[in-house]
Amino acid sequence: MLNRGDQIAHQMFQEVQLPGQPRQKVIDSPHLHKMQRMHFFLFDVLPILGTACAIVLLFFHPITSLDLTLFLVFWALSGLGISIGYHRLFTHRSFKASAPVRAALGIFGSMAGQGGVISWTAMHRRHHELGDQEGDLHSPNLHGSGLKGKLKGFVHAHFTWMVAHPYPNVVHYAPDLLKDRVMIWVNRHYYTWIVLGLLIPTAIGGLVSQSWMGALTGFLWGGMVRMFVVEQGIFALNSLCHLIGRRRFVTDDQSTNISWLAPFIFGESWHHNHHAFPGSASFGLAWYRIDPGYWVIRLLALFGQAWDIKVPTKEQIERREIRSA
Amino acid sequence: MDHVQIAEKVDEAAVFAWLKTYISNVLGMDQASIKGSDGLDSLGLDSALTTALAMDLETWLGVEIPLAILFEAETLDNIAAGVAREAERQHVTAG
């Protein structure tokens, strides 16, 4: 018997099949690899350099409370956009949300610079389909055994897989999003949202402090550093959360839970729980586990902006637990 | 992929008909509203969707289509012509 989470995941891969022909599900092309390299440099390498600049600048110009506020607000907005929007809503459909909330989550998620919502969704559904097997875009466990293999796997899963990778067929993996006019619109303006995510903290920093220095530190802390921090958190799910940490359920992949990371990445590091119950809006699966992403979904529900929130029952959870002999 | 049905003789019109059906299915549009003078971009296909279209087109034709044909063409008519030419060329080379 499949549980409900598995049923949803299973159903997702059944949709829109061409009759009588095996569909091409990923493609490698020099044209796409060129675009991927450009994206990698702009939104994965530049934030590292920006963060280094911000740290060096600290020696000459102490951080202001305005910089910190800009960092926290844009870190939370773009991070929640990824966790609640890209991940729990668009990829796994673990709850339903109104059009304005879908648009806002898509826009904030885009600001994180991790790809357009349709690409991200397609790639993440493929990750679940193949979890740690050949074809998984970012598994750390396919690079040989021993410490050297693990280390190579870590670097690939955490960072370098994005330089050039097979690109998924979005019509196969994300047909539901392609039917959503709101999300098509958000997706088409991906680069606009990234630029706005950098311009807004820059403008606020400059206007509030009435100085060019304020604009610069606003850009660095509200733009570059928060992009870097959100990315490192999400990258850790691909690397650390498939390498170290605890396992509680029977799953086909090698996913793990890392509790201490949870407060810093919106509860996402209950990653093993998530692989066991991909259709669950809650990753913590219990009130006492820190899962800010789920708490915000509950808050949205309180205002009538989210509904049909899916969470497995206690019995469903217990049934999947690893039993020691 | 030995059970792929390679489309027999594909001409420009056949490719255009396939494009129309595909795009209208994916985007939930009225087929009749799609014209040969439309571009992929103006219809609402970004690079993600264009790539998906390329993959499914390759499956249908049984030949590899360089993505540049799709990304660089201005209109559906241009694409249909380019794809038909490419399919013909590869069939000739193979046969």
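## Chain B and its helices

Chain B of this predicted model has five helices and zero strands, where helices (H or I, at least four residues) and strands (E, at least two) are DSSP runs numbered from the N terminus. Read from the N terminus on, the elements of chain B follow the order α-α-α-α-α. Of the 95 residues in chain B, 53% are buried; buried means under 20% relative accessible area, exposed means over 50%, and partly exposed lies in between, with a 1.4 Å probe and protein chains only.

The accessible surface of chain B is about 4700 Å², and carbon and sulfur atoms account for 50% of that surface; such areas come from the Shrake-Rupley method with a 1.4 Å probe, and for residues only the protein chains shown count as cover. Contact means heavy atoms within 4.5 Å, and among the contacts in chain B between residues at least 6 apart in sequence, 60% join residues at least 24 apart.

## How the model is described

Residues are numbered from 1 along each chain as its sequence is written, while chains are lettered from A and ligands numbered from 1 in the order in which they are written. Because the model is predicted, local features need pLDDT of at least 70 and side-chain atom pairs count only at pLDDT 80 or more, whereas totals for chains, interfaces and linings use all residues, and side-chain values use heavy atoms, with hydrogens and water left out.

## Nonpolar cores

In soluble globular proteins, nonpolar side chains tend to be buried together. A nonpolar core is a set of buried Ala, Val, Leu, Ile, Met, Phe, Trp, Tyr and Cys residues joined through side-chain atoms within 4.5 Å, and the largest one here has 92 residues, with B:Ile23, B:Leu49, B:Leu53 and B:Leu76 having the most contacts inside it. When neighbours within four places in sequence are left aside, the residues in contact with B:Leu76 include B:Phe16, B:Leu19, B:Ile23, B:Ile34 and B:Leu43. Another core, of seven residues, lies apart from the largest one, and among its members are A:Phe40, A:Leu137, A:Trp161 and A:Met162.

In chain A, A:Met183 belongs to helix α9 (residues 181-188) and counts as buried, at 0% relative accessibility. Not counting residues up to four places away in sequence, A:Met183 touches A:Phe90, A:Arg102, A:Gly106, A:Val117 and A:Leu177. The C-alpha atom of A:Met183 is separated by 8.1 Å from that of A:Ile118, although these two residues are 65 residues apart along the chain.

Side chains of opposite charge can pair when their charged atoms come close. A salt bridge is a side-chain nitrogen of Lys or Arg within 4 Å of a carboxyl oxygen of Asp or Glu, and the whole structure holds 13 of them over all chains. One of these joins A:Lys25 to A:Glu129, with the closest N and O atoms 3.0 Å apart. A:Lys25 lies in the loop between α1 (4-12) and β1 (26-27) of chain A and A:Glu129 in helix α5 (residues 117-130), so the pair ties together parts that are 104 residues apart in sequence. Both partners are partly exposed, A:Lys25 with a relative accessible area of 28% and A:Glu129 at 25%.

A:Glu268 and A:Arg88 also meet in a salt bridge (3.6 Å, N to O). This pair links A:Glu268, in the loop between α11 (212-238) and α12 (271-276) of chain A, with A:Arg88, in helix α3 (residues 65-91), across 180 residues, and A:Glu268 and A:Arg88 are both buried.

## A nonpolar patch on the surface

A:Ile55, A:Val56, A:Leu58, A:Phe59, A:Phe60, A:Ile63 and A:Leu68 form a nonpolar patch with about 720 Å² of accessible area together. Patches are made of residues with over 30% relative accessible area and no salt bridge, like charges being joined within 9 Å and nonpolar side chains (Val, Leu, Ile, Met, Phe, Trp, Tyr) within 5 Å. Helix α2 (residues 30-58) of chain A gives the most to the patch, with three residues, while A:Leu68 lies in helix α3 and is partly exposed at 41%.

## Where the two chains meet

The contact between the chains takes 25 residues from chain A and 24 residues from chain B. About 2100 Å² is buried between chain A and chain B, and carbon and sulfur atoms give 60% of this; buried area is the accessible area (1.4 Å probe) that two parts lose on being put together, summed over both. Two salt bridges are found across this interface, and B:Asp41 and A:Arg188 also meet through their side chains in a salt bridge (3.9 Å, N to O).
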